[in-house]
Structures are given as structure tokens and as C-alpha cells.
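This report describes a two-chain model in terms of its confidence, its overall dimensions, the contact between the chains and selected local features. The sequence and the coordinates are shown first.

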Amino acid sequence: MEIPILSIVTFLPLAGALLFIFINRDKENLLKYLALFISIATFIASLYLFFNFNAQTPDPQFVEKSPWIGYGINYHIGIDGISLYLILLTTFLMPIVILSSWTYIQKRVKEYLIFMFLLQTGIIGVFVALNLFLFYVFWEAMLIPMYFLIGIWGGKRKIYATVKFVLFTMFGSLLMLVAILYMYNLFYKATGTYSLNIFDYYRMILNPSIQVWLFLAFGLAFAIKVPMFPFHTWLPDAHVEAPTAGSVVLAAVLLKMGTYGFLRFALPMFPDALKIFLPVLGVLCIIGIIYGGLMALIQKDVKSLVAYSSVSHMGLIMLAIFALNMEGIVGGIYQMLNHGLSTGALFLCVGILYERSHTRMIKDFGGVSKQMPVFSAFFMVCMLSSVGLPGLNGFVGEILCLFGVFKANKILAILAVTTVILAAAYLLWMFQRVMQGPITNDRVRSFKDLNLREIIYLTPIVILMFWMGIYPQTFLRKMDVSVSNLLNQVNRKEAIFTEAKKENNPPTYIFMEKETKTDSIAKEDKESQ
Amino acid sequence: MNTILALFPLLIIVVASLLVMILEAFFKRENRSYLAYISFLFLIAAAAGCVKFWNKDYSYFDGNLYLSNLSLFFCFILIVATFLVILISMKYLTLQNANYGEYYALLLFALSGMIIMVSSSDLIVIFLGLEVLSLSSYALTGLRREDEKSNEAAVKYFLLGSFASAFLVFGIAFLYGATQTTAIPSIIKELQSGSSVGTLGLVGLGLVVIGFGFKIAVVPFHMWTPDVYQGAPTPITAFFSVGPKAVGFAVLLRIFIPYFQDALESQLMFGLLWIIAAITMIAGNLIALRQTNVKRILAYSSIAHAGYLMVAILAQDTQSLVFYLTAYLFMNIGAFAAVIALGKKDHEYLELDDYKGIGFRYPWIGATFAVFLISLAGFPPTGGFLAKFYVFSAAVRQGLVSLVIIGVLASLVSVFYYLRIIIYMYMKEPSYEVDINIDNPALFLALFLCLYGVLQLGIFPGNILVLIRQAVAALPFL
């Protein structure tokens, strides 16, 4: 029997959480070291995925399938070139995040770690699920631990922030649930079998008039998660109030669930609707880019500055994905990883500052680099990576994104370039005010430089930033096949209904023949019932 | 098969209640929990009977008492519910100074009434069962004699319940006048056959809906619910929120699922129930937002859940209805069990402010309560989510997309107030000490069983779904 490596990566954190329930809360050190150990073990297990990933095929790999509830609801997981890196990003950041909260979290350490692990399982589950039901289960279940993380360990307005976060996300996802149910039912009517396998839905092309509604439902859920303007308002609140680790996970991975949702579901399932909404989406992205940048410029709080920079950056990623060409989507995915790293790292840096000063206001700092030269170097690299300096990861991603957008629409591309300019403006200005100049606040003089633990968790991020900036090929080549397959799907499907529309009465749905061996388990399902 | 064995579960329960009533005289007040153990024995025997009779189709009294698989399934979950309610009552009664022997007897009488209701499809027999249930319920509500709230609740429940019963009898009379029968299948057949029945039949049906609308607490027949739920002893509230609701829906599904199959004739009633379902979901959830008493929050939440169950009736999907009721049983009794767990001698903690910091002070109770609330709110991977998934999925299959959208948005509202309790439990610092009596093994057993039920139904519901599928295979029930 093969080792179910993907299940191990997904559920190892959950097992950790269950184990933690039975450990005495007073043994904080045991809990922390065990948590670190489990998270590193998960990361190593996920490296196995990376090294054994076959870059030549667009089909999902490491597939595991087993019947679960019936009626098309199966346990079906697998990864392709798009989800692989998001899983790696999640598992890579988790040990770092745990290290970063070593002293930051002082009360209720046990519960904190349990929720962290539950969150990790939820997030990885979203990226591996190949069954719509399973996907939805993870998508929703992941809200609960995040809700507690912000709500218990958050700042002053934590309750407001966490409730807003949950309600916003729920609003979108409940409508998505209705859309899923609608498609589920449509598939049943069309074929007589129940299926929630996403590959079956890839094959079923719906009439554009239906696609529009389904796209709106799915798109809303994902757009809230990304978040795209004007659904972004939960983000600054959640970011500012969340504990450092929560912000890191939120920015680095949670937001990517939205973009991933677009890539995995909204694009290949509703290509016609996508084309209809493209102009609107493009404009929203541009507004997000500029608005996010301008808002970041005027923030007084470092953390909310980084939060708004997320809005801006995510706008560029979405725009690149909507360019619907190879450069755009590859760039978008690459930029998702970059954003995860650099924004995550920025939040870590803000956390480090906060631990020393218990403030996040820019005006309370100034001249910190004199006291903390090592920190200053790390902070600068992270900041420049976010700005997109050549040689660092952000540059590669941004250039690819902008190439993609330029190919699709030149005006949008020109407007999109503002993201780079604005990022340079708000980040450099912030850096200057916080780190440089004379020390105005006496408290700054008491700051100690980074300790070993902090250096240990910042170093891998910085190394990866250089690696991804200097030799992106390591990562890019495993995406190409999956992305071109995705683009093929989008274009081919759209063509089908353009053809069908020439007749007067286009059907509700058309099934594509299986040209690849997409694994439909609908048939097995029928037998098992 | 016509055999007296069909009476077995019912008789067991009746004998148990009579026995408990007699034995009460011989036990001292401190020792009354023995009565609970006796009840358990009989409940287990009755449950075993239900299991044994599966697929046997026993009937008696000319088919007026008929143990189809569906009836057996309902009997079984009602017995489980009673079992759990007795578990959560044992310590509660001593602590709250309400340790009256007739408590268990009345509870078992109510159960016998419910068993009659779910195993018959004759309206007169159903009415008999309903009255047995109702009379015991009134008495149970007013059990805490010294408590004004309890008395008020009992009177309110009695008055409105009598009205509801009157409406029901009136409706049955109308239906009899229109169709010359009280057997549900024949009534439905007559109603569908068309014009001769006409308005009279429809009015009768409408009155029956009102009668049962009270029992299952759908808007606009829900007014009694919050007060009664608040005033009644908490285990009884748990019982009310599950038992009568389950039987009410068991009867409604017998009437309406066959009736709705003829879409044209049933248009009017369908529209009426559609509206009831929609406003129940909306109003139940919206009003719950403003409550600060946990029992009242749960009362309105149970109204809202009646709305979701109504959607299942409209979707004509027995399977999802039964699954929902099963999941609802565990999560709701579980939630009330957690509320009871946070009590001490002569005092219950029921205001939201009491719950501040409970989650960390009593981690196990807090965590299980949180799981029940999360399940009630419909988050995966709990039974509550899967139940909603099935109900809404069935409704979409019937083309009720707009109702489903109302449903999901209403449940978004519900997320707010369920999470609000969690906010108090975990995210606010306590302003005063709350100390509770934690020496309560029976209650913790109940909490554990409910937790198990909620998670089992949410993660591995396979076996139960198979049972439910077998239970509904015999549609239309006779």
C-alpha cells in the first residue's frame, strides 16, 4: 500500500491538536516544543510532495480517493502545480509562526496552539480538496479557529474584528453553498448520477445565462476572501486586531484561498460568465490597487499600513489572473507566494517591534535601526521584497504579472504599474520614519536587538526571498503545465458555447468528452448506492 | 402483520410511567434518582423493541397503530431524547429543589403520547397521542411550584396549547366532514381527487396546520415558546425543543408529502407553508439577536430551526427531514445540557454576562457547548452542517432556490447570536466569580453522548443515513 502522504500532510496538524487536548496546560514548554516539532514534521512531509511532484502532467497527483458519505460526497484529494506551492507556503510558515509567538503569546498557550493546528489543517484541506463538498467543509471549518485566534488573543477591538471577519466570509460562502447545491442538482438531472467531483464539473459547461449567477455566487465568496475592493473592509480590522501569528497566516495563506478559489473553480467552471464580468472585475482590481496604496500611505499604524498594502497587492494578483494568459496566471501564482512571504515577514517584523514597544504607531518610533542593526537589515530586505526590488522575489512576480496584464490590456497595465510606485512610496516612507532618523522616543533606546530565536525564524524567509528572486525557475517550472492546462480549459469551453449560441436555443449544459483520463467517480458511486 | 407485539414499545413506556408513579411513594426524596434508573431500564427495553421490530411492519387495532420503519425510527430517536433528558435532569432536580417523583412519570407519559403520534396515521389516534403529550407537558412546565416564572409559563402553555388542540380538533372535524374519514391517506386521496372536497377540506387542512404549528413553534404560532422555554425547568425545555417538534413534523410529513405530490391541487397550501417557512426562518433568527438570556436565545433558535425543517417538508424530502431532526436532537439537547451544567444549588446561570470567561474556567463544558453552538450555526464538520446541507440540497432539487437563499441568509444571522455566546465564553474577561456544581456524572455522560452524536453525524453519518433510507423506503407510510 502506498503511503497516503497528502492525507498525512493535511491531518498531521489535526492529530497534533487532538494530542494537545490531553496535555496539561501548565507544561507550556513541552507544548511549544511539541508544536514546533509537529509543524516541522508537517513541513518535511510536504517537502516530499515537492520533490516527487511530476511537472510534466496537468493531472492531479498524489490522489487519494475513498467513498465517504455517498451521493457524490467522497474523500477525494490531490494536488497540481497550482496548489502544490500554496501547501508548501502553509507548511513552511507554520513553524515560523509558532516560533514567532514563543513569547508573544503568554496566556492560554495550549488553546492557542490547538487553534493554530486546526487552522492549518483547514487551510491545507482547502488546497487539496478535489470534491466540492470536501472543499466547502474545509473552507468553512477553517473560519472557526481563525475566529478564536483573533477573538481571544487579539487587540482592543478584537471582538468587532473577529465577528466582522466571520460574518463577511460566511455571507459569501453561504451563497456559494447555494450555487454548489444548484450545480449538484443540475448534474444529477443531466446524468442521473450524483457527483461533487470537480472534474465532472469541469466537463459540464453551462449555459452562460446560468453561469452568470453561479459565477456571481462563487465569485462573491472568493472576492470577499481575497479581498477585492469593495469587499475588503474586514481585512484591515482583522489584521490590526489579530495577534502577529494570526496576521501572518491571514495575509500569507488565508487570502490566497480566495485567489486559489478563482483559479480552481470560478475560472474553469464559468469561463463565459468570467468573460462577461471581466471589465467590471478589471476595474475593481485597479481601484483596489490604487485605493489600497493610497490608504496605506496615510496610515498611522504600521500594521494597518501593511494590511492596506495587502489590499493593493492582492488587487494586482487578481488583475494578473484575469489577464487570462500564461504570463499573467503564472505571475499571479508566483506573486501569491511572494506576497505570502513578504507580507508575512513584514507582519513578523511589526510583531517584533510591538513586542518591544507595545505600540504600533509610526510616530512612536524613529531611529530604531541604531538600536537594532540586525533587525534593521532583515526588515529592509522584507520591505524591499514587498516593494519589488530586482534580485528579490517580488520583482519576478510583479514583472510577470505586469507582462500578463500588458498583453491583455495596455491601459489597465499602465494603471497597474502604480502599485509598484505606491508600494515604494508607502513602504520606504514608513521605513524611514520608523527605522531611521534621530531617536525621538526614549523608549526606543531600551530596545534590544534580535535574539537568536528571532534570527532563526527570519533567516529562512530571507533566504527564500533571494532564491525566489534570483533563480525563480526552481518554482516556476512546476507550475507551467498546470497553468497551461487551466488556460486551455477556459478557452476551449468558452468556444463551445460561442458555437452553440449561433443556434437559437442553446441548451442548459453541454458535456465535453473526456479527452484526458479525468477520474470520474460518479460511476462507482452509482454502484455503491 | 397484525400482532399485539406492535404495542410493545408503547406498553413498556406506559407500564414504566405507572410503575414510577407508584414507586415514588416508597422512596425518600433523596433517593428519587432510583426512579431515573428504573426509567432507564424501561427505555432501553423499549428501544431494543424498536430495533427488534425493524423491517417487521407490525400493526394492531386494524392498522391504526402501525410500526413502519419510519415510525420505529421516530420512536427510537424520541426514546433517545427522553433518555438524554432524564440524564440531564437527575442532578438538576436536586440542585433546583424540584425533585418530585412524578417528574419521571410525566416525562414517560409524554413519551408514550409521542409514540402513539408517530405510529399512527389516523387523525383521531394522533389527537389522542397529542393530548397525552400536551397534558403531561403542561404539568411538567409548572413543576417548580414556588417559581412564579414556572407557573406563568405553565398557564400560558396550557391556555395556548388548549387553543391549538381546539383548532386541531376543529380541523379534523372539517376534514371528516369533507372526506368522511379520519385516516390520513384516504383524506389525502379525497383531497387530491378534486372539487367535491373543495373549500371545506382546505379549511380543515389549514386548521390542522395551525394546531400543529403551535406544537412545532413556527411563526406566527410561536408566541408561547420563549416564555415557556424560559419558565420551564431547563431539562424540560430541552425536551420541549426536541420531542414535540419531532412528532409534529412526523405528522406533518405524513400529511403534506403525499399531498404535495399533486402540485396543482396543493398549490394554495404549498404557498402558505412556503410563507410560514420563510418568516419562521427570518423572524426566529432576527428576534434571537436581541436576547440576552441564554434560554431565550435557544428558544428563538429552536423556532428558526422549525423553519429549516419546514423547508424539508416543502422539498418533500423525508430523508433530509429525519436526518435534520436527528442532528437537531443531539445538538439542542447538548446545548441545554451545557446550560444545565453551569448551575449550582438553587441557582442557574442564564444571562449572557454569567458566561464571561466560562470557556477557560471550565474548559470541557465550554468546549462542548461551543461545539453544539457551532453545530447549531451550521458549521462543518458537525451534524448541523450536514443536516442543513441535505435539507437545502433537497429544496434546490425541488426548485425552491429563493427559499434556500432566504434560508442561508437567515442562518447567517443565526451565526451572529450563536457566536455571541462563544464570545462571552471565550473572549470576555469575567467580572465576577461563577462557581458551579461539577459533581454530576450523569450530566457529563449526556454531554458526551450528544457530542459524540453531533460529530458522528457530521463526519461519518454513513450508517445512520442507511437506516434513514430504509426508514423512508416505505413511503407513503402505509
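## Contact range and overall dimensions

Among contacts in chain A between residues at least 6 apart in sequence, what percentage join residues at least 24 apart? In this predicted model, the figure for chain A is 82%. The corresponding share in chain B, for residues 24 or more positions apart among contacts with a separation of 6 or more, is 80%.

Chain A has 529 residues, for which a compact globule would have a radius of gyration near 24 Å; the value for chain A is 23 Å, which agrees. Its C-alpha atoms fill a box of roughly 75 × 55 × 40 Å along the principal axes, and 57% of its residues count as buried. For the 478 residues of chain B the globule rule gives a radius near 23 Å, and the chain has 21 Å, again in agreement. The C-alpha trace of chain B spans about 70 × 55 × 40 Å along its principal axes, with buried residues making up 60% of the chain.

## Confidence of the prediction

The model scores ipTM 0.91 and pTM 0.92. Chain A averages a pLDDT of 86, and 95% of its residues score at least 70. Within chain A, the pLDDT is below 50 over residues 515-529, although this stretch has 27 contacts in the model beyond near neighbours in sequence. Where pLDDT is low, the predicted coordinates should not be read in detail.

In chain B the mean pLDDT is 88, and 98% of the residues reach 70 or more. Among the elements of chain B, the lowest mean pLDDT, 79, belongs to strand β4 (residues 347-348), whereas helix α13 (residues 318-341) has the highest, 93.

## Secondary structure and helix α11 of chain B

The secondary structure of chain A comes to 23 helices and four strands; chain B has 19 helices and four strands.

Helix α11 of chain B runs over residues 267-288 and has 22 residues. At 1.5 Å a residue it should span 32 Å, and its end C-alpha atoms are 31 Å apart, which agrees. Its buried residues are B:L273, B:I276, B:A277, B:A278, B:T280, B:M281, B:G284, B:N285 and B:A288. An α-helix has 3.6 residues a turn, so residues three or four places apart point the same way. The cover over the buried residues of α11(B) includes α12 (294-314) and α17 (401-427) of chain B.

## The contact between the chains

The contact takes 26 residues from chain A and 24 residues from chain B. On the side of chain A that touches chain B, the elements giving two or more residues are β1 (61-70), α5 (132-141), α6 (143-153) and α7 (158-191) of chain A. The largest share, 15 residues, comes from α7(A). By residue class, this side of chain A divides into 20 nonpolar, three polar and three charged residues.

## Local backbone features

Two cis peptide bonds in chain B may be noted. One joins B:V219 and B:P220, with omega about 5 degrees, and B:P220 lies in the loop between α8 (198-216) and α9 (224-231) of chain B. Another runs from B:P380 to B:P381, with omega near -5 degrees; B:P381 is found in the loop between α15 (363-377) and α16 (383-397) of chain B.

In chain A, A:Y71 has a positive phi of about 55 degrees although it is not a glycine. A:Y71 is placed in the loop between β1 and β2 (73-79) of chain A, and it counts as partly exposed because 19 other C-beta atoms lie within 10 Å. A:H358, also not a glycine, has a positive phi of about 55 degrees. A:H358 lies in the loop between α14 (326-357) and α15 (368-371) of chain A and is exposed, with 9 other C-beta atoms within 10 Å.

Leaving aside neighbours within four places in sequence, B:F221 is in contact with B:I210, B:G213 and B:F214. B:F221 and B:F8 are 213 residues apart in sequence, and their C-alpha atoms are 35 Å apart in space.

How values were computed. Residues are numbered from 1 along each chain as its sequence is written. Chains are lettered from A and ligands numbered from 1 in the order in which they are written. This is a predicted model: local features need pLDDT of at least 70, side-chain atom pairs count only at pLDDT 80 or more; totals for chains, interfaces and linings use all residues. Two residues are in contact if their C-beta atoms, placed from the backbone, lie within 7 Å. Ala, Val, Leu, Ile, Met, Phe, Trp, Tyr, Cys and Pro count as nonpolar, Asp, Glu, Lys and Arg as charged, and the others, Gly among them, as polar. pLDDT is the predictor's confidence in each residue, from 0 to 100. The expected span of a helix is 1.5 Å times one less than its number of residues. A residue is buried if 20 or more other C-beta atoms lie within 10 Å of its own, exposed if 12 or fewer, and partly exposed in between; C-beta atoms are placed from the backbone. The radius of gyration is taken over C-alpha atoms; the globule rule is 2.2 Å times the number of residues to the power 0.38.
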